[in-house]
Amino acid sequence: MSRIGKLPIAVPKGVEVSVKDNIVSVKGTKGTLTQYVDPRIALSIEDGEVKLAPTQEGKEENSLHGLYRSLIANMVHGVSEGYKSTLELVGVGYRASNKGQLLELWLGHTHPIYLLLPQEIKVETKSERNKNPLIMLESSDKQLLGQVCAKIRSFRKPEPYKGKGVKFEGEVIRRKSGKTAAK
């Protein structure tokens with residue numbers, strides 16, 4: 001059995017978990033999320049806890065056991081508290097602004113980059129004088145939030161020589177010395 005999969009998932013007040021035809025639905029104050037669960041994993045909801053157990057023994061069943069436990073735990077946390085991520089734009093002339101769900105990025109190219117974000121994600125941009133512009137993203141779906149952050153970051157990844165690019169707030173970029181340091 002998976003060590004992570006054995007742990008029960010505590011369901012906080014205001015969150016409803018239901019299972020029908022191998023589809024788990026989690027409903028809370030921040031929204032509703034659904035996830036398909038493999039039939040090899042048995043799911044039970046009792047005493048305010050969700051418990052998972054594999055129906056068969058095997059290596060693949062153990063990995064699925066831990067996977068689905070983590071996915072459901074992330075869903076419960078997402079609909080109750082939500083997830084936040086902040087991206088920082090480091091570079092001269094790098095800017096970000098949003099009009100509703102349309103994010104406009106100026107990342108040193110000759111043209112702006114426009115990205116239409118899904119409705120499940122709340123976006124806010126902040127630009128202050130003498131500080132790097134910030135993009136604050138918030139969602140109840142951890143997986144979707146991670147995909148959107150990775151997409152934004154892929155437009156201009158941080159480079160190791162000057163540190164310019166889109167990075168997560170608090171992320172430390174390993175810096176390299178240039179060719180003049182070799183002498």
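In what order do the strands of the open sheet with E2, E3 and E4 stand, and is their pairing parallel or antiparallel? The order is E2-E3-E4 and the pairing is antiparallel.

This is a predicted model, where local features need pLDDT of at least 70, side-chain atom pairs count only at pLDDT 80 or more, and totals for chains, interfaces and linings use all residues. Residues are numbered from 1 along each chain as its sequence is written, and side-chain values use heavy atoms, with hydrogens and water left out.

**Stop 1: confidence**

Colour by pLDDT (the predictor's confidence in each residue, from 0 to 100). The protein chain has a mean of 93, with 98% of its residues at 70 or more. Helix H1 (residues 3-6) is lowest, at a mean of 87. H3 is highest, at 97. Helices (H or I, at least four residues) and strands (E, at least two) are DSSP runs, numbered from the N terminus.

**Stop 2**

Two strands pair if DSSP finds at least two bridges between them. Strand E3 (residues 23-28) meets E4 over six antiparallel bridges. Pick Lys 27: its bridge partner in E4 is Thr 32.

Now show H2. H2 lies across E2, E3 and E4, at about 170° to E4. Contact here means heavy atoms within 4.5 Å. Axes are lines fitted to C-alpha atoms, for helices over the stretch in contact, and angles run from 0 to 180 degrees between N-to-C directions.

**Stop 2: sheet E1-E6-E5**

Another open sheet has three strands in the order E1-E6-E5, paired antiparallel. Its edges are E1 (9-10) and E5 (41-46). Two bridges join E1 to strand E6 (residues 49-54). Select Ile 9 to find Val 50 of E6 opposite. H2 packs on this sheet too, touching E1, E5 and E6, and makes about 165° with E6.

**Stop 3: the largest pocket**

Which elements each supply at least two residues of its lining? Strand E4 (31-36), helix H2 (59-80) and helix H3 (142-154) do. Select the lining: Leu 33, Thr 34, Gln 35, Leu 71, Asn 74, Met 75, Ser 140, Asp 141, Lys 142 and Gln 143. A pocket is an open set of points on a 1 Å grid over the protein atoms alone, where a 1.4 Å probe fits, with protein on both sides within 12 Å along at least five of seven lines; lining residues have an atom within 4 Å of a point. The space is about 160 Å³.

Note on methods
Points joined across faces, edges and corners; volume = space filled by probe spheres on them.
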